[in-house]
Amino acid sequence: DAARRAAVCLLLCLLTGCRALAAPVVLPDPADVVGVTVSAGEGRAVRRSGDYAAVLIRAMEGARPTCRASIHDAPAVPGAIRVEFLFKSGGRSRVFVYTEQGRVWLEQPYQSVCEADEKLLALLGEGDSPDAAIGGMP
């Protein structure tokens, strides 16, 4: 009955408006990252070490792909936090973390929107030490 299961799955996807799950966010290799810039709001940017970036990347790896699509350069959500990884080669990559509808989202522009754990927000709000107690970023 594989054809029947496939038909039921297709019907469920059509009824829920869900396309196939988006690809996971493409995260850098921590060994290639020399630092990270975290920005929240207008002009607030905090540069942190590559060690902190490795902790963030590990936290982001647990984000779950969703049916949501990323169709903009940045999410149009108030309070979105921009995380920019800086590479040894001089390049950079960017993701956004925000809350919406009571959930935490990790978005990579034009690539993916994944559901993340609240612990990721906590990591983004802390000081320079990845082991410090966490507070919110203004």
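User: What makes V26 a contact partner of residues beyond its neighbours within four places in sequence?

Analyst: Contact here means heavy atoms within 4.5 Å, and V26 is in contact with Q108 and Q111. Keep in mind that this is a predicted model. V26 sits in the loop between α1 (2–16) and β1. Its C-alpha atom and that of Q111 are separated by 8.0 Å, although the two residues are 85 apart along the chain.

User: Why are α2 and α3 called roughly antiparallel?

Analyst: Helix α2 (residues 50–60) and helix α3 (residues 118–125) pack at about 165 degrees. Angles over 145 count as roughly antiparallel, and therefore α2 and α3 get that description. Their axes are 9 Å apart, and the crossing of α2 past α3 is left-handed.

User: Which residues meet there, and what makes the contact of α2 with α3 nonpolar by class?

Analyst: From α2 come Y52, V55, L56, A59 and M60, which meet L120, L123 and L124 in α3. Tyr, Val, Leu, Ala and Met all count as nonpolar, and the tally is 8 nonpolar, no polar and no charged residues.

User: How do you know which strands stand at the edges of the sheet?

Analyst: Look at the order of the 7 strands in this open sheet: β2-β1-β4-β5-β6-β7-β3, with antiparallel pairing. β2 (45–49) and β3 (64–65) each have a single partner strand, so one side of each is left without a neighbour in the sheet.

User: What makes β1 and β4 a pair?

Analyst: Two strands pair if there are at least two bridges between them. Strand β1 (residues 33–40) and strand β4 (residues 81–87) have 7 bridges, in the antiparallel sense. V36 stands opposite F85 in β4.

User: Which strands does α3 lie across?

Analyst: α3 lies across β1, β2, β4, β5, β6 and β7 (112–116), and runs at about 115 degrees to β5.

User: Why is the pair of E115 and R64 called a salt bridge?

Analyst: A side-chain nitrogen of Lys or Arg has to be within 4 Å of a carboxyl oxygen of Asp or Glu. For E115 and R64, the closest N and O atoms are 3.9 Å apart, and the pair forms a salt bridge. E115 belongs to strand β7 and R64 to strand β3, so this pair ties together parts that are 51 residues apart in sequence. A search of the whole structure finds 5 salt bridges.

Key: Residues numbered from 1 in each chain as written. Predicted model: local features only at pLDDT ≥ 70, side-chain atom pairs only at ≥ 80, totals over all residues. Heavy atoms only, no water. Axes fitted to C-alpha atoms, helices over the stretch in contact; angles between N-to-C directions. Helix = DSSP H or I, 4+ residues; strand = E, 2+ residues; numbered from the N terminus. Parallel < 35°, antiparallel > 145°, perpendicular 65-115°, else oblique. Left-handed = near helix turned anticlockwise from the far one by under 90°.
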